[in-house]
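Hi,

Here is the structure I said I would pass on to you. Have a look at it first, and then read my notes below.

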Amino acid sequence: MPNAKGGLARLRFGARLVIPKTVVGDRGFRVDKTATPDRLVQAARTAAAAGDARAALKLWQQVCETCPPDLAEALCGKAAALLALEDYAAALDTALTCAAHFPNHKPARDIRARIMGRASQRVQVQLVRLRGGPMLRLAQPVRSVTRRELGQSELRGWAALPRGTQAQLVLEDEDGRQTLRPLDVPGHAALRLPSPRVPLRLVRDVRGFVITADLGTVRRIGLMRADGPQWTHAVDRKEIATTLEGTDGWLFLTNDGNRSDEVFTGALQLPLWRRALWHVFARRLVQQTRRLAATGAKLAFVIAPSKESVLPQHYPLPRGARILTDDVLAILHRWQVPVEFPTAALAAQSGSYCRTDTHWSHLGAMIALEACLARFGLEGDWRAQLEFVPLASMGDLGGKQSPPVSDDLLVARWSAPQQVRQLYRSGLLTTGEITVVENDAAPVQEVLVIFGGSSASVLAHLASRIFRRVVRLNCPSTQPVLEVIAAEDARYVICQTNERYLMRAPRVVQRLSDTSIPEAVEALNAGMRQRLAETCATAEPGNIYARFLAECLARTDPQRSAGADQRR
């Protein structure tokens with residue numbers, strides 16, 4: 001069973017729980033040192049309803065350790081408390097643990113959507129200079145970041161102090177706690193930061209810094225000297241809307257890192273050097289397609305349309321006369337890339353998208369998959385024993401709203417039992433997510449490899465009922481991976497990307513080590529690293545994907561890196 005940290009552990013059973021100390025929250029909420037599990041659950045619910053997130057978190061942690069009858073509620077409650085405290089990594093780890101053990105639990109799906117929606121909200125940070133104080137200069141953030149990225153914000157600058165002055169950088173959070181950081185960048189390196197004038201460098205000791213700080217909680221920044229802190233900057237945070245509401249309650253993505261709205265309106269166009277990269281990708285993809293065809297294998301390149309391209313009647317902004325999607329499609333067609341961009345087919349079918357999600361529904365993915373099957377020359381009644389039923393879903397947009405909203409998402413249901421076995425899943429969320437499934441009763445006894453992003457996950461789910469073996473790799477910026485196609489002896493290959501990604505052409509790569517996955521593994525937090533290590537350790541011997549990800553973990557082990565730094 002899952003423990004309070006999201007892993008696997010032996011839980012204590014018993015009718016009575018001894019709490020090590022009285023639970024006290026931010027609003028004075030208290031619980032006796034001894035309480036029955038039922039009382040503890042009720043107390044946790046009361047604390048959550050009162051908005052005392054710290055008390056609720058401590059209580060739900062204690063509840064999880066008692067192995068309650070409704071462990072799913074305890075894990076969801078813990079995730080909600082962590083979300084309220086803006087600990088997005090721990091909240092998501094707890095939600096994933098709940099989803100892994102209770103895959104059909106709707107509150108678990110909802111809390112995950114809320115976490116993802118809140119963590120992906122974009123914030124513009126401004127460092128406001130205060131009057132007076134010592135000479136401290138900070139580089140202003142040049143772009144908005146997500147709330148999840150705020151916790152790892154880079155802060156750089158320099159301080160010009162009278163020679164011989166002892167000082168440190170000081171950061172104060174919203175609770176008044178102060179953190180000291182050294183001014184340890186050499187003077188010559190500091191001058192590469194926002195630079196002081198030459199005369200100032202001659203009379204002052206210039207010391208720089210480049211640190212990582214949680215700008216989501218920092219209130220002000222200054223210098224700590226012998227006479228105490230002297231504050232020079234205040235941190236101003238402004239939330240930027242990431243959802244755009246259209247007609248009839250339809251939600252769309254906006255202000256995202258891919259600038260989706262500017263792609264649709266034509267405000268964002270392909271510069272010449274990015275067009276050249278698309279020509280390079282198209283040429284290499286066609287070369288590989290021909291080599292695969294010589295061995296009897298076939299490839300399709302699928303672009304998942306943005307929701308506004310399929311449903312422009314609900315979008316509040318007009319489509320540009322010519323947008324970068326048109327330019328990319330022209331390049332792909334010029335090189336005769338086997339591309340599928342099923343905008344018309346998706347628009348003709350009601351339910352291909354839902355109001356609260358950016359991605360296509362299972363029905364929408366099935367339309368795209370059927371286009372690929374037709375291109376592969378595979379004929380059959382692929383919707384036999386298959387129906388699409390509505391399921392209430394917040395999606396990745398509904399969770400961003402306040403309060404969160406849901407809409408019916410059409411999901412696939414098969415009337416007959418399916419013999420699909422999941423052999424491996426890496427457990428990552430985006431880049432680096434790898435799944436392997438097999439179906440001995442599949443009508444097509446061949447291997448399909450799917451490269452792509454989040455929209456490809458539903459393609460793989462549906463394809464697992466058609467092909468004997470389906471391997472999916474989430475690596476939209478580097479695809480296809482030729483090493484994987486050869487290792488799987490794949491007869492069919494689907495490369496998938498999203499329309500909003502088209503500003504950047506993918507790269508055809510030879511090996512897994514050439515993909516963007518190693519960088520994604522290096523950026524994982526401790527909880528996700530542990531989860532990935534567990535999936536690698538429990539994989540079947542000879543699993544090349546688990547071995548590769550384990551090697552990525554070993555190369556980016558923070559403890560090993562720290563030890564190497566100490567030895568140097």
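Keep in mind that this is a predicted model. I'll start with the second largest pocket: 15 residues line it, and Pro141, Arg143, Val145, Ser153 and Glu154 are the ones nearest its centre. S8 gives the most, with three residues. By type, the lining splits into eight nonpolar, three polar and four charged residues. The volume of this pocket comes to about 320 Å³.

Which strands is S5 joined to by bridges? One is strand S7 (residues 145-146), which runs antiparallel to S5 and is joined to it by two bridges. To find that pairing on your screen, look for valine 123, whose bridge partner in S7 is valine 145. That valine is also one of the residues nearest the pocket centre. The other is strand S13 (residues 228-240), again antiparallel, with eight bridges to S5. Here you can look for valine 125, which stands opposite arginine 237 in S13.

Next, the nonpolar cores. The largest has 87 residues, and Trp278, Phe301, Leu332, Tyr424, Phe451 and Leu549 touch the most other members. Helix H3 (residues 71-84) gives the most to this core, with nine residues. There is also a second, separate core of 42 residues, with Phe252, Leu311, Tyr353 and Leu363 among them.

Most residues other than glycine have a negative phi, and most peptide bonds are trans. Where does this model have cis peptide bonds? One runs from serine 402 to proline 403, with omega near 0 degrees, and proline 403 sits in the loop between helix H15 (395-398) and strand S19 (407-414). Another joins glutamine 479 and proline 480, with omega about -10 degrees; proline 480 is in strand S24 (residues 478-481).

As for positive phi, asparagine 255 has a value near 55 degrees and lies in the loop between strand S15 (251-253) and helix H9 (260-265). Its relative accessible area is 35%, so asparagine 255 counts as partly exposed. Glutamine 385 has a phi near 60 degrees, in the loop between helix H14 (362-376) and strand S18 (386-393). Glutamine 385 is partly exposed too, at 48%.

Cheers

Terms used. Residues are numbered from 1 along each chain as its sequence is written. This is a predicted model: local features need pLDDT of at least 70, side-chain atom pairs count only at pLDDT 80 or more; totals for chains, interfaces and linings use all residues. Side-chain values use heavy atoms; hydrogens and water are left out. On a 1 Å grid over the protein atoms alone, a cavity is a set of points where a 1.4 Å probe fits but cannot get out, and a pocket is an open set with protein on both sides within 12 Å along at least five of seven lines; lining residues have an atom within 4 Å of a point. Grid points are joined across faces, edges and corners, and a volume is the space filled by probe spheres set on the points. Helices (H or I, at least four residues) and strands (E, at least two) are DSSP runs, numbered from the N terminus. Ala, Val, Leu, Ile, Met, Phe, Trp, Tyr, Cys and Pro count as nonpolar, Asp, Glu, Lys and Arg as charged, and the others, Gly among them, as polar. Two strands pair if DSSP finds at least two bridges between them. A nonpolar core is a set of buried Ala, Val, Leu, Ile, Met, Phe, Trp, Tyr and Cys residues joined through side-chain atoms within 4.5 Å. Buried means under 20% relative accessible area, exposed over 50%, partly exposed in between (1.4 Å probe, protein chains only).
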